[in-house]
Amino acid sequence: MQEGIRQDKIVGSRRFSNYFWAFFLFIGGISFLLAGLSSYFKINFLPFANPTELVFIPQGLVMIFYGTLSFSISIYIIITVLLDIGSGYNEYNKIENLIKIVRKGFPGKNREILLTYPLSNIRAIGIKITEGLNPTRSIYLCLKDERNIPLTPVQDPTSISNLEEEAADLAKFLDLKLENL
């Protein structure tokens, strides 16, 4: 990297949690689907259980429904992992006075998402920390027109000290103030 240019890589959907959920939803979905079909056809499709004794309406039908739903969600997660949705980088270029935010999207005309902001439009670097049932800890690019652009990826919450250190380094690099949102 050149002096005056900083690039932060962003991990997209290729995270351990997505591999974990895709695997278990796929196995669970197939198992429920086969159990529901076994109750309908009265043929055992599962070697480790005997779902032929289930009554098709309502148990077998519900098993088919949940199996199809789980299998569909697992296929969606697998596709997002294969396409690496959400990955990209943030480039802070003091030489050209630009900030580029690049992400991969779903296939189509918006497959590559590119947001470009001149440094003169940036007011500050913001930190937002919310605790509770669904905690979030994020760094934002605060624009002069009051918009806040998230810079950190969706992930498990990092420690507050790491988040503050990362935000302070970025604010120092860009010569901007740091604020709490």
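Biologist: In what order do the elements of the chain run from the N terminus on?

Modeller: The model is predicted: local features need pLDDT of at least 70, side-chain atom pairs count only at pLDDT 80 or more, and totals for chains, interfaces and linings use all residues. Residues are numbered from 1 along each chain as its sequence is written, and side-chain values use heavy atoms, with hydrogens and water left out. Helices (H or I, at least four residues) and strands (E, at least two) are DSSP runs numbered from the N terminus, and the chain has three helices and eight strands. Their order is β-α-α-β-β-β-β-β-β-α-β.

Biologist: What radius of gyration does the chain have?

Modeller: The radius is taken over C-alpha atoms, and the globule rule is 2.2 Å times the number of residues to the power 0.38. The C-alpha trace spans about 70 × 35 × 30 Å along its principal axes. For a compact globule of 181 residues the radius would be near 16 Å, but the chain has 23 Å.

Biologist: What percentage of the residues in the chain is buried?

Modeller: Buried means under 20% relative accessible area, exposed over 50%, and partly exposed in between (1.4 Å probe, protein chains only). Of the 181 residues in the chain, the buried ones make up 35%.

Biologist: What percentage of contacts between residues at least 6 apart in sequence joins residues at least 24 apart?

Modeller: A contact means heavy atoms within 4.5 Å. Among contacts in the chain between residues at least 6 apart in sequence, the share joining residues at least 24 apart is 52%.

Biologist: How do the planes of phenylalanine 16 and phenylalanine 20 make their aromatic pair count: stacked, edge-to-face or tilted?

Modeller: Rings of Phe, Tyr and Trp (its six-membered ring) pair if their centres lie within 6.5 Å; planes under 30 degrees apart count as stacked, over 60 as edge-to-face and the rest as tilted. The whole structure holds ten aromatic pairs. For phenylalanine 16 and phenylalanine 20, the centres are 6.2 Å apart and the planes stand at 35 degrees, and the pair is tilted.

Biologist: Which helix holds phenylalanine 16 and phenylalanine 20?

Modeller: Phenylalanine 16 counts as exposed at 66% relative accessibility, whereas phenylalanine 20 counts as partly exposed at 34%. The two lie four residues apart, about one turn of the helix, and both are in helix α1 (residues 16–41).

Biologist: Which residues do ring pairs link into a cluster?

Modeller: Phenylalanine 16 and phenylalanine 20 form an aromatic pair. The cluster linked by ring pairs consists of Phe16, Phe20, Trp21, Phe23 and Phe24.
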